[in-house]
Amino acid sequence: MMLRRGFILFLPRLVGLLVVACCSMSIVYMLACTPKGDNQQLALPRVHSPTVKEGYEAVLQEREEQHRNYIVSLKKQIAHLKAELQGRTEQLKKRQNQYPDPLDVWLDHSNPEKAQANLLAFLRSQVDKAEVHSGVKLSTEYAAVPFESFTLQKVYQLETGLTRHPEEKPVRKDKRDELIEVIELGVGSLNKPEGVGNAKHRVYTASDFVEGIYRTEKNKGTLYELTFKGDTKHQFKKIVLFRPFGPVMKVKNENVDMADTLINIIVPLAKRASKFRQFMQNFREMGIQQDGRIHLTVVYFGKEQMNEVKSILENTSRSTNFKNFTFIQLNEEFSRGKGLDVGARFWKGNNVVLFFCDVDIYFTAEFLNSCRLNTQPGKKVFYPVLFSQYNPSIIYGHHDSIPSLEQQLIIKKETGFWRDFGFGMTCQYRSDFINIGGFDLDIKGWGGEDVHLYRKYLHSNLIVIRTPVRGLFHLWHEKQCLDELTPEQYKMCMQSKAMNEASHGQLGMLVFKQEIETHLQRQKLSSKKT
């Protein structure tokens with residue numbers, strides 16, 4: 001009885017303890033499984049809170065609020081960074097104002113003494129940077145800038161330029177004036193020796209000049225070393241001069257819009273229908289399809305093959321819907337100058353860029369833009385130096401087959417040369433061509449008319465842009481020098497023919513072909529014996 005009564009009294013306490021334990025376990029479980037926020041644990045629904053669904057909605061709302069706060073924080077940071085960037089930009093502008101462009105320093109006319117001192121310091125730094133007092137380490141043997149030597153009469157040059165002469169009288173006025181000035185400065189320096197005072201000394205003249213060497217480093221200046229006769233036979237005087245280049249100066253900054261600049265390509269032609277077909281393939285791809293701002297004028301001499309040429313032109317027009325062409329027929333003997341002159345004067349539209357072309361020329365769309373960019377009415381005319389192709393049968397004679405035309409158009413010494421003696425391909429505005437007087441129509445046949453026009457431009461106030469271009473090629477063709485040409489024309493034609501075939505090395509291989517074959521046979525026999 002006593003045990004039963006004790007058990008009955010203890011049972012409510014046990015139940016209470018079990019309830020408390022269950023509640024504790026439930027609380028621990030909910031604390032462990034409730035999702036957490038970024039930095040802190042989210043609150044749980046309490047005993048008297050809404051249902052579980054409503055509790056999770058409250059949790060989601062709380063997390064959404066946290067994300068909103070995070071976004072607001074990011075926006076504040078971005079605004080702060082923008083403000084800091086703007087502040088740094090203003091500081092940079094202030095420093096730029098404190099330390100202006102070096103060009104402005106050199107050309108500051110408000111303080112001439114300071115500008116002169118700065119310029120003098122710059123020029124002295126140019127002397128220090130150039131190889132005047134000591135040499136400069138170079139990576140390869142090709143990095144060395146060679147000197148050219150000169151005397152009172154001639155210049156001996158490695159870079160022969162357009163003249164192709166290894167030695168020449170300095171016909172270019174700028175080079176002649178430059179070297180005369182240097183020799184005169186050297187003579188003046190010898191006649192004013194340092195530290196001599198009023199003591200008598202020998203008077204030097206230009207006739208005492210023996211020889212000189214000079215070279216130009218493009219970004220530093222020109223170094224001259226002059227040698228003069230000394231007091232005795234084996235004594236010499238040496239003067240070293242340096243012409244430093246000044247700081248680069250900005251001359252012009254302009255936008256050039258060529259969207260509406262039309263080029264009228266003028267081609268004089270007689271027969272040669274197959275060559276014209278090849279030319280029109282190039283014209284279709286580069287002129288019509290890629291460029292599009294172009295007109296073609298064909299001036300045809302005679303009637304032989306004329307219908308075939310017109311048919312090629314009309315077929316191209318139909319297939320490409322190209323209407324910007326003019327065909328002019330002349331019943332007279334072929335004259336390149338006459339054909340170009342007639343084609344230029346036939347144009348009745350607005351001022352246009354004229355590109356004087358030949359049927360054996362290949363051009364790219366990039367060249368057409370160069371043609372536009374290097375011409376300016378009343379200011380500039382363009383005389384590109386084109387790359388002339390060697391005879392493909394000689395260049396690729398050891399190959400199984402000759403590559404396609406596009407694959408042949410590579411600028412390398414084995415494939416061709418810069419045609420720097422030719423002045424026939426030129427771009428100029430029609431107004432400049434008319435004002436200069438056009439071609440000399442007394443010149444008949446081949447050659448001479450282009451040089452005459454070129455000299456007219458040189459004698460005018462127009463700037464003549466003469467430069468090699470990578471997008472203009474003279475395609476090889478066998479050249480015929482006709483008997484009716486004048487002696488001077490015939491000589492020019494034969495010179496052009498000789499240079500067109502191959503390089504010196506390739507022609508040498510042909511000249512010594514038998515000797516080479518004999519050597520190879522001997523090598524073969526000796527290898528068999530061993």
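Guide: This is a predicted model. The lining of its largest cavity divides into 6 nonpolar residues, 2 polar and no charged.

Visitor: What makes residues of that lining nonpolar or polar?

Guide: The lining consists of Gln 278, Phe 279, Asn 282, Val 359, Ile 361, Tyr 362, Leu 405 and Leu 475. Val, Leu, Ile, Phe and Tyr are among the types that count as nonpolar.

Visitor: Why is the space called a cavity?

Guide: A 1.4 Å probe fits there but cannot get out, and therefore the term is cavity and not pocket.

Visitor: Which elements give two or more residues to the lining of the largest cavity?

Guide: They are α6 (273–291) and β11 (361–363). α6 gives the most, with 3 residues.

Visitor: How do you know that β11 pairs with strand β15?

Guide: Two strands pair if there are at least two bridges between them. β11 and β15 (residues 463–474) have 3 bridges, in the antiparallel sense, so they pair by that rule. Phe 363 stands opposite Leu 472 in β15.

Visitor: What makes strand β12 a partner of β15?

Guide: The cut-off is again at least two bridges. β12 (residues 380–389) and β15 have 8, in the parallel sense, so they too count as paired. In β15, Arg 466 is the bridge partner of Tyr 383.

Key: Residues are numbered from 1 along each chain as its sequence is written. This is a predicted model: local features need pLDDT of at least 70, side-chain atom pairs count only at pLDDT 80 or more; totals for chains, interfaces and linings use all residues. Side-chain values use heavy atoms; hydrogens and water are left out. On a 1 Å grid over the protein atoms alone, a cavity is a set of points where a 1.4 Å probe fits but cannot get out, and a pocket is an open set with protein on both sides within 12 Å along at least five of seven lines; lining residues have an atom within 4 Å of a point. Helices (H or I, at least four residues) and strands (E, at least two) are DSSP runs, numbered from the N terminus.
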